[in-house]
Amino acid sequence: MDALKKYLDQIHAEEVLKEKTRAFVKDSLENEMQQRTNKSSARGGFAMKKLWVAASTIAACAVLAIGGYAYAHTPVNFVSLDINPSVEVGINAFDTVVTVEGINQDGKNLLKGQKIDGLPLKVAITRLVEEALEQAYIAEDGSTVIAVTVESDDEEKSAELQDEGEQGVSLAMSNKHAIAIIYKDCSDLALRTEAKDWGVSPGKYKLIKMLQTLDSDITVEDYKDAKVSEIIAKANEILQEEGLPEEESGESEAIAGKIKDAAGKVKEAKQNALQKQGQNDDEDNDSGENGTLVQEQNQNKEQVKNDNKNDNKNGVSGGENQNKNKEQDLTSLPENEQEQEENYTDDDNESVDEDDLSKTEKEQNGKDEKQPAGNAENAKGNDKSEKGGQSGTRDKD
């Protein structure tokens, strides 16, 4: 504006015309500036709008991602596995394990070294039961009760999860060639809250409550650390003696029926185990008796061999020793006693058996046949001696 004013001052014109010109130029410039400002504002608003839409989209995606993660990792149902180790797993909407907790110390021991998170329910139950077998929590006689209890407010979903849990236990038993009794049940989520307050699993807590229904003097502490099979055995004992109270609902009747069925299976498993053990003992006894008999026979044979060897040795050396002993005894006796002892010895020699006598007589007869020739030679010898003697006498004379 100052440059325009300076330029106009150089123009020689009437003051009125100059003033009008100044006003026109000023208005024109202001309008131009306003138009430019408006255009810039429009452009900036569109950019801000695009930026806002992008930010809103990102925020929505973030919310969905966080929500989806939370949804995938949030348990909506629970399944408790009870033997004596008690373990509870949380299941999301996709039937995948997202939380695992050992309820008692045995349950914590069972989970050591186990990676259960992210597994389907059936696979997780199979692994837990196999580990329980490895740690000897399940008896070999087949009398162990494994309880699978689903905690859910959805009855249809509860039944589905019970079946999956049962299949997981059965698969573990098949893989390990073992036998156990499966007890499956369900409860609502409110019962789970009560069980947590007592520090027990919902499955075991529901069984203890059934015991309390049958006997009001029983407390949770009495069976807090008991095996499921022990709780079932006690409940069945009361049911057999007193029955179910008349005022109890249909749910209690259903539980009582499950308890009786499980108790019957436990009893049958124990009887089968005892019967099998008895058969094994009989087989062991039979094999032991046969082995002892064979051993005795071998010992008898060996003894007979040794006796025969000893008899043969004694037959040869015994006679020699006997003769030597008798000769030694004779030398130590006076002459008159020696003669008597020799007579006794002769008498003893005469007591040999008939075969020896026959042999001796034959030998003697052979000697007798040769004796005359010997006697003749002896006679000739004697005659020569006598002649020799006589000639000797003559020489001396």
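This is a predicted model: local features need pLDDT of at least 70, side-chain atom pairs count only at pLDDT 80 or more; totals for chains, interfaces and linings use all residues.
Modeller: Residues are numbered from 1 along each chain as its sequence is written, and side-chain values use heavy atoms, with hydrogens and water left out.

Colleague: Which residues of helix α6 are called buried?

Modeller: In α6, residues 189–198, they are L191, R192 and A195, where buried means under 20% relative accessible area (1.4 Å probe, protein chains only).

Colleague: What makes these buried residues line one face of the helix?

Modeller: Seen down the axis of α6, they fall within an arc of 105°, and therefore line one face, the arc being that of the directions from the helix axis to the C-beta atoms.

Colleague: Why is α7 called roughly parallel to α9?

Modeller: The axes of α7 and α9 (residues 228–242) cross at roughly 25° and come within 10 Å; because angles under 35 degrees count as roughly parallel, that description applies to α7 and α9.

Colleague: What residues make the contact, and how do they divide by class?

Modeller: With contact meaning heavy atoms within 4.5 Å, α7 contributes K204, L207, I208, L211 and L214, and α9 contributes V228, I231, K234, A235, I238, L239 and E242. By class there are nine nonpolar, no polar and three charged residues, since Ala, Val, Leu, Ile, Met, Phe, Trp, Tyr, Cys and Pro count as nonpolar, Asp, Glu, Lys and Arg as charged, and the others, Gly among them, as polar.

Definitions and conventions. Buried means under 20% relative accessible area, exposed over 50%, partly exposed in between (1.4 Å probe, protein chains only). Helices (H or I, at least four residues) and strands (E, at least two) are DSSP runs, numbered from the N terminus. Axes are lines fitted to C-alpha atoms, for helices over the stretch in contact, and angles run from 0 to 180 degrees between N-to-C directions. Angles under 35 degrees count as roughly parallel, over 145 as roughly antiparallel, 65 to 115 as roughly perpendicular and the rest as oblique.
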